[in-house]
Amino acid sequence: MRNVRRHQSLADALFFLSAIFLLIILQYVFLHPSPTNILRTQLTPRERIVQNNETTFPVFKSEKATATVRGYIGKEAESFDSGLNGGSFDPRNKLVIGYTILYQDDRIASIRFSEQKRHAGQPTELATRFMTLDLGSGRELAFKDLFVKTEGFGSLLYDYFKQDHGNDLSIAQQFGLLKLTPENIHQFWVEPGYIGFMLNFQNPTESQDQKRMSIAGTVLSGSVKPEYITAKKGDTPLPVAYIVSSKPKPADEIDPNGKMIALTFDDGPGPFTDRVLDVLKQYHAHATFFMIGRQVGGRATTVNRVVTEGNEIGNHSWDHVSLPTIGQPRLTQEILDTQRAIQAATGGYTPILMRPPYGAVNPAVQNYLTSQGLRTALWTADTQDWRHQDNSQSTYAAIMGAANDGQVILVHDIHQASVEAVERAVPELRQQGYQLVTMSELERYR
């Protein structure tokens with residue numbers, strides 16, 4: 001009987017000790033959770049790994065560059081931890097950051113970071129972040145820092161897509177490329193022989209639904225600083241949706257050395273606008289239409305046709321009021337309501353030109369237009385057709401008399417006589433060797 005009690009006491013003691021040991025382990029786990037785990041995916045021979053509490057990151061000879069990378073990883077870890085909402089002890093919470101060196105030489109390095117965020121009970125979040133470092137200063141470069149000349153970047157993309165991938169983008173998206181600048185690009189990388197970037201074609205400022213694209217350094221020669229055009233050549237190491245390996249021809253087959261004129265039409269759309277479009281289409285010509293916002297909704301079919309046939313639409317205010325004479329609230333309404341009306345009629349086309357009614361503008365108006373991404377677009381020759389609305393001969397003579405390389409000619413497509421004059425002038429101008437182009441196209445070459 002004593003032996004039984006002795007064994008029972010021993011069993012009780014062992015159970016008690018086991019329970020205490022288990023409590024100690026659990027306490028350690030919950031009070032000392034595993035550190036955020038950041039793992040590498042690939043290294044180049046020039047890199048080494050520093051491991052500290054399971055954290056790995058690329059280390060460069062430049063301490064400043066290494067500090068920039070370390071700072072990025074630290075901020076991501078802090079952001080992840082702060083978003084756990086009291087669940088930091090759950091072992092299912094985990095942040096994994098992998099990286100790949102896409103390019104490195106003595107001056108720059110481009111890194112792709114791949115993030116996986118796992119919050120207990122939620123789907124894994126995936127994200128990609130590109131970073132290009134100046135190894136001299138150690139700072140992260142912005143896309144615009146690569147360029148010495150930003151003009152023409154959007155035109156290059158416009159030419160490429162219209163020439164080779166016209167069916168991939170809507171007309172509105174194609175024209176949207178024309179106003180794209182390096183400042184709009186936030187995710188990019190340098191790779192052997194190429195510069196790549198991420199772009200949302202519907203909205204360049206949107207970070208979702210982006211596609212990869214790359215341009216050969218040779219195509220960007222003269223626009224990009226030589227140190228960022230890598231000497232290495234070959235296929236791009238990252239799979240991309242689009243690649244510009246050679247300079248595209250002008251999409252609209254414009255001869256930069258040929259004579260060109262921009263016909264512009266104000267105050268429409270109206271009942272005669274389709275007649276203007278008919279003659280432009282027949283003679284492979286294009287023009288720019290500055291539209292009154294309140295007239296757009298009732299002629300959406302015509303407005304959409306303007307864009308789909310390769311012409312350009314500009315903002316001409318909502319009510320054709322002199323902009324310097326109105327206050328800021330009314331100015332905002334005049335401009336933005338017109339932009340929205342044109343976007344609604346065309347499925348997203350956004351004008352980049354604004355012709356102030358009567359050509360009236362002051363510094364306040366100009367500053368506001370600039371803030372809205374609009375360029376003021378005036379004219380060099382006014383036909384004065386509104387003075388002789390019943391005399392097509394007078395308007396025709398004014399058009400032909402103003403014809404000269406680089407001229408921007410103002411006509412109104414709301415007057416029948418003016419449209420009759422245009423129907424006579426367009427074929428004659430083409431016969432004289434003039435290319436009839438949009439204002440934006442004229443600005444590209446003149």
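This is a predicted model: local features need pLDDT of at least 70, side-chain atom pairs count only at pLDDT 80 or more; totals for chains, interfaces and linings use all residues.
**Entry 1: α5 and α7**

I started with helix α5, residues 273–282, and helix α7, residues 300–308. Their axes come within 10 Å and cross at roughly 20°. Angles under 35 degrees count as roughly parallel, so I noted α5 and α7 as roughly parallel to each other. The crossing of α5 past α7 is left-handed. Next I looked up who meets whom: Thr273, Asp274, Leu277 and Asp278 come from α5, and Thr302, Arg305 and Val306 from α7. Sorted by class, I have three charged, two polar and two nonpolar residues in this contact.

**Entry 2: β10 and β11**

Then I turned to the strands. I found β10 (residues 260–268) paired with β11 in the parallel sense, over four bridges. Opposite phenylalanine 290 in β11 stands aspartate 266. Which way do the residues of β11 (residues 288–291) point? Thr288 and Phe290 go one way, Phe289 and Met291 the other, and I logged all of them as buried.

**Entry 3: α8 and α9**

Last, I checked helix α8, residues 328–346, against helix α9, residues 363–371. Their axes lie 11 Å apart, and the packing angle is about 45°. That angle is why I wrote down α8 and α9 as oblique to each other. I have their crossing as right-handed. On the α8 side, the contact has Gln328, Leu331, Thr332, Ile335 and Leu336; on the α9 side, they meet Val365, Tyr368 and Leu369. By class, I noted six nonpolar and two polar residues here, with no charged ones.

Technical notes:
Residues are numbered from 1 along each chain as its sequence is written. Side-chain values use heavy atoms; hydrogens and water are left out. Axes are lines fitted to C-alpha atoms, for helices over the stretch in contact, and angles run from 0 to 180 degrees between N-to-C directions. Helices (H or I, at least four residues) and strands (E, at least two) are DSSP runs, numbered from the N terminus. Angles under 35 degrees count as roughly parallel, over 145 as roughly antiparallel, 65 to 115 as roughly perpendicular and the rest as oblique. A crossing is left-handed if the near helix is turned anticlockwise from the far one by less than a right angle, and right-handed if clockwise. Contact means heavy atoms within 4.5 Å. Ala, Val, Leu, Ile, Met, Phe, Trp, Tyr, Cys and Pro count as nonpolar, Asp, Glu, Lys and Arg as charged, and the others, Gly among them, as polar. Buried means under 20% relative accessible area, exposed over 50%, partly exposed in between (1.4 Å probe, protein chains only). Two strands pair if DSSP finds at least two bridges between them.
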